[in-house]
Amino acid sequence: MNRIALVMAGLFLLLASCKNNKTPELKEGQWLAEIEVSNGQRLPFEFTLSKNMDSGYVMKVFNAEEVITIDEFEFNGDSIDIRMPIFEGHISGTFTDEQITGQFLEESKGRSVPFKATYGFSERFKTAKDAQVNISGIWETYFNVNTEGEYPAKGIFMQNGNKVKGTFRTNTGDYRYLDGVVTGDSLKLSAFDGSHVFLFLAQVTDSTLNGTFYSGEHTVQEFMGARNEAFELPDSNSLTYLREGYDRFNFSFPNTEGVEVSLDDPMFKNKTVLVQIMGTWCPNCLDETRLYVDYIKNNPELDVQFVGLAFEYAKTEEKAFEGIQRLKEREEVPYPILLAQYGTSNKQKANEKLPMLNHILSYPTTIYIDKNGDVRKIHTGFNGPATGDKFVEFKKEFNKTIQELVNTEDVNLGN
């Protein structure tokens, strides 16, 4: 009798142990994530999880109108690693059915920030009070105020009740899709796009903004804004230009096969050429790349050659080329992307690679070259889809410029 009791007790303990060691399964549905930034602040964003029989889990991250689909998950027991679709960043940690705890990591940049996600519907930001103001409209804004690094931005916002969406445009690009609320007299905006970790907190009145911008754990900037519907940033076509003494733009960098490519190559001969200075780590560059890919698909008859010059954070040449190849495959980029620099995206070092430019102010920057090899225009930065009307305006200008260059008579044809 004692023997039977011992056997039964052993079986019970074994079954209990098996049950306790069962690998958890992430619940499908809505989740709220938080990434810790500087000064103990937390950046929230929403996502959903669903299961696909073919590819496993699918995560969809939401920032205003933007939806980012993430489908690369790795599991080992209760450990999880979620890789971003284009950028090198990934979420690494442990999980239960209703929680993920770990870090958001970007090794090449040496960045790691605490990450936590919890299952179940929850507001991105708590709205304890009704909004006391409506910030819809245009705001003349300055970041890094009262420092040598002060720079202007154009705030573009639309508010409905407590909900706010919009962006800040700068001379070098926009802060993409910001999503948040006004609660009482407090503005709260955030965005996580797989690379950017942006949090904006401000006190607002009908005519002023006073706040702090957090970018991960590495940047904290004070900003001030005033309502100004007439405010415009400097012309993006005037910021970057050929330095005195240079009448041509050229380069020589390796492609993904390791072959050196320059503007003297046959693929560029007697063609309109667009040179895109970019990085695979750069969300604004990704927005621009998508526009170029779409343009090429919709205008196959145009004799235009695009080429990307990538300035990469990746510490090794191999990793840098891996990032380039990943971008080309995921976004179906049909034009060559050359590796101009790896180990850093430092703009001063980048300028050493392209000394004919007065400076490299922004990733991206696009150089328009006509069929004679003459630089006709240099556009600094990129107004992406989050900028609304400005994006539509840019696309019209872009199409007009391409048509003009393609239709220009080439007096040096054949030379």
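The following conversation goes through a predicted model of one protein chain.

Biologist: What kind of model is this, and how are its residues numbered?
Modeller: It is a predicted model, in which local features need pLDDT of at least 70 and side-chain atom pairs count only at pLDDT 80 or more, while totals for chains, interfaces and linings use all residues. Residues are numbered from 1 along each chain as its sequence is written, and side-chain values use heavy atoms, with hydrogens and water left out.

Biologist: How many helices and strands are there?
Modeller: The protein chain has 5 helices and 25 strands. These are DSSP runs numbered from the N terminus, with at least four residues (H or I) for a helix and at least two (E) for a strand.

Biologist: What does the C-alpha trace span?
Modeller: Along its principal axes, the C-alpha trace spans about 105 × 55 × 40 Å.

Biologist: And what share of the residues is buried?
Modeller: Of the 415 residues, 50% are buried. Buried means under 20% relative accessible area, exposed means over 50%, and partly exposed lies in between, with a 1.4 Å probe and protein chains only.

Biologist: Which residues have the most contacts inside the largest nonpolar core?
Modeller: They are Phe-249, Phe-251, Leu-309 and Leu-354, in a core of 57 residues. Elements that give two or more residues to this core include strand 21 (272-278), helix 2 (283-298), strand 22 (304-311) and helix 5 (389-406). A nonpolar core is a set of buried Ala, Val, Leu, Ile, Met, Phe, Trp, Tyr and Cys residues joined through side-chain atoms within 4.5 Å.

Biologist: What does Leu-354 touch?
Modeller: Leaving out residues up to four places away in sequence, Leu-354 touches Phe-249, Asn-250, Phe-251, Phe-253, Ile-277, Leu-309, Phe-311 and Ile-360. Contact means heavy atoms within 4.5 Å. Apart from this core lies another, of 32 residues, among them Trp-31, Leu-43, Phe-45 and Val-197.

Biologist: Let us turn to the sheets. What is the strand order in the open sheet of 5 strands?
Modeller: The order is 23-22-21-24-25, and the pairing is mixed. Two strands pair if DSSP finds at least two bridges between them.

Biologist: Why is one side of strand 23 left without a neighbour in the sheet?
Modeller: Strand 23 and strand 25 (375-380) stand at the edges with a single partner strand each, so one side of each has no neighbour in the sheet.

Biologist: Which pairings are parallel and which antiparallel?
Modeller: Strand 21 and strand 22 pair in the parallel sense over 7 bridges, and Ile-277 stands opposite Leu-309 in strand 22. Strand 24 and strand 25 run antiparallel and are joined by 5 bridges, with Ile-378 in strand 25 as the bridge partner of Ile-367.

Biologist: How many residues of strand 22 are buried?
Modeller: Strand 22 is mostly covered, with 8 of its 8 residues buried. Val-304, Phe-306, Gly-308 and Ala-310 point one way, and Gln-305, Val-307, Leu-309 and Phe-311 point the other way. In a regular strand the side chains alternate between the two faces of the sheet.

Biologist: Which strands does helix 3 lie across?
Modeller: Helix 3 lies across strand 21, strand 22 and strand 23, at about 150° to strand 23. Helix 5 lies across strand 21, strand 22, strand 24 and strand 25, at about 25° to strand 24. Axes are lines fitted to C-alpha atoms, for helices over the stretch in contact, and angles run from 0 to 180 degrees between N-to-C directions.

Biologist: What is the order in the sheet of 9 strands?
Modeller: That open sheet has the order 4-3-2-1-9-8-7-6-5, with antiparallel pairing. The twist averages 25° from one strand to the next. Within it, 7 bridges join strand 7 (residues 90-96) to strand 8 (residues 99-106), and Gly-102 in strand 8 is the bridge partner of Gly-93.

Biologist: Now Met-84: where is it, and is it buried or exposed?
Modeller: Met-84 is in the loop between strand 6 (79-83) and strand 7. It counts as buried because its relative accessibility is 0%. Beyond residues up to four places away in sequence, its contacts include Ile-70, Phe-104, Phe-192 and Arg-326.

Biologist: Finally, what does the side chain of Asp-287 make a polar contact with?
Modeller: Its partner is the side chain of Arg-176, at 2.8 Å. A polar contact is a pair of N or O atoms within 3.5 Å; within protein, one must be able to donate a hydrogen and the other to accept it, and residues adjacent in sequence count only if both atoms are side-chain atoms. Asp-287 is found in helix 2 and counts as buried at 7% relative accessibility.
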